[in-house]
Amino acid sequence: SVEAFLCAQQVNAQVYANVQTILAKMDSVVKGQEKLLQIEKNLSEQKDSLPQMNKRVEECLAEHAAAQGALMQAREKFNEIEQSLAAVGLPELRKEKEFLASVKVLKESVLQIQNDMNAEAEVVNKLKADLPVLEADYAREVDELKALECKNELRKETIDGAVRTLRAKLKVVLDTEEGICPVCRQKVAELPADEIFDEAYRVFKKELDQKAESVKIASDKLNKYKAQLSVEKKAYEGLSMNLSQKQTELVAKLTGRQDIDELTAVTLEQIDLMVEELSGKISQGEDLEKERTAALKVVSDAVVAEARASNRLTENKAQVEGVVKSIAAAETDRDSMVEEIKLTKSDIAGLLDGSSGWENEWMDPEKSSAFCAELTAKAERYNESCAEKTRLDSQIQSLKSMLDDVQVLRSDVQKVMSEWNTDGVSPIHVPDLKKKWSDLMADVKVCAKSIESESQK
């Protein structure tokens, strides 16, 4: 019966009441143990990885030390080259070479101007020497022109006189009957015209024009020489001014130099030798500059390599520190989880205390699942039985209440019937009274049996 089952399971009633809590705690234990296994696995993996990670750190330490050594050597080499380069004094050498080159340019300019002046002086002197000859030629041509002019005047006067005399004689001839010229013995038809005598004048004029042209040529040549002489004189003066300027520049450039006297007297060939010597030293310095550039690149590369090695070392150290911290944290988590599982198991044991030996069954991993299923099923059955008992108790109580009411009614009826029998009164007015009474008594018996039956359940 329900009552019997409940009585038999009464010792486990507390377990059934806390079954959800127990199952939750058991699930927590299972999950905790799984998590604990994972923690242990991770711990093992991390601990196993530490030797290799420490080896990498040692390798990085060696690599970093090598990189630092290489960087130190590179810097020492660079400093040596720097000192050598500083001893050469390359900027000063270049400046001195540039200075000598400028001095050479000025000296070359001075020499060139002096040469140009000498050449210009020769031209001027030649022009001056040729000028008197040209002046004499011009004067002679002028004198000849003047003499020819005078000669032509005399010629013209002579011709004019002769013409007048001849015309007069011819006129006399023309006036005679024969008209014979006394000169050519030809018959004169008429007097000669003036144009006949113009030919002689043209000859005279041509001679005069030719001489005037000679005078002009001599004059042009003389003026050209004078103009050229003026130009050459100005060119000479310009060269002289330019020479003075260049000499001033040279003096200004050399002023302040301790070797001013030597540089003033030095020749171009000597300057070339000095520049050549400087060029050799500069070339050595430039070779050192190239070495410095190469050494600087080595230093730069070594700095980068050292930084990379340092970064790798830092990263690997950080990884080791991270793993160590992770191991410590995992061990703390493991210890906390062990303690938590221990406490949870203690709670479960407390909840199962005195419960039909279940205190030990749930701890067996192989029986744990079956135990949970059995515990759940029994708890559900127990709860269902409790609910059924409650329902039956309610029903019995209802039946008892009904029975009590019937008992009261029966008692009242019996009392009335007793009074009837005493007074000799017959309840004629109640039809089928006995039958109804019998039915009532039957109902009372049925109700009493129902109560007994429900109580047994």
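Predicted model: local features only at pLDDT ≥ 70, side-chain atom pairs only at ≥ 80, totals over all residues.
**Lysine contacts, core and charge pairs**

Colleague: What is Lys-246 in contact with, leaving aside its neighbours within four places in sequence?
Modeller: With those neighbours set aside, Lys-246 touches Leu-106, Ser-109, Val-110 and Ile-113, where contact means heavy atoms within 4.5 Å. Residues are numbered from 1 along each chain as its sequence is written, and side-chain values use heavy atoms, with hydrogens and water left out.

Colleague: Why is Lys-246 called partly exposed?
Modeller: Buried means under 20% relative accessible area, exposed over 50%, and partly exposed in between, with a 1.4 Å probe and protein chains only. Lys-246 has 21% relative accessibility and therefore counts as partly exposed. Lys-246 is found in helix α5; helices (H or I, at least four residues) and strands (E, at least two) are DSSP runs, numbered from the N terminus.

Colleague: What makes Lys-107 a residue without a salt bridge?
Modeller: A salt bridge requires a side-chain nitrogen of Lys or Arg within 4 Å of a carboxyl oxygen of Asp or Glu. For Lys-107, which is buried, the nearest side chain of opposite charge is Glu-269, at 9.9 Å; Lys and Arg count as positive and Asp and Glu as negative, while His and the chain ends are not counted. Lys-107 has its place in helix α4, and its contacts beyond four places in sequence are Leu-250, Leu-263, Thr-264, Val-266, Leu-268 and Ile-271. The C-alpha atoms of Lys-107 and Lys-246 are 8.2 Å apart, across 139 residues of chain.

Colleague: Which residues touch the most other members of the largest nonpolar core?
Modeller: A nonpolar core is a set of buried Ala, Val, Leu, Ile, Met, Phe, Trp, Tyr and Cys residues joined through side-chain atoms within 4.5 Å. In this core of 16 residues, they are Phe-99, Leu-100, Val-103, Leu-250, Leu-254, Leu-263 and Ile-271. Two or more residues each come from α4 (90–175), α5 (195–254) and α7 (268–351), and α4 gives the largest share, 6 residues.

Colleague: Why is the pair of Arg-292 and Glu-82 called a salt bridge?
Modeller: The N to O distance is 3.1 Å, and the pair therefore meets the 4 Å limit. Arg-292 lies in helix α7 and Glu-82 in helix α3 (residues 19–88), so parts 210 residues apart in sequence are tied together. Both count as partly exposed, Arg-292 at 27% relative accessibility and Glu-82 at 29%.

Colleague: How do you know that Lys-281 and Glu-277 are separated by about one helical turn?
Modeller: The two stand 4 residues apart in helix α7, which means a separation of about one helical turn.

Colleague: What is the mean pLDDT of the protein?
Modeller: The mean is 77, and 64% of the residues reach 70 or more. Residues 1–11 have pLDDT below 50, although this stretch has 22 contacts beyond near neighbours in sequence in the model.

Key: pLDDT = per-residue confidence, 0-100.
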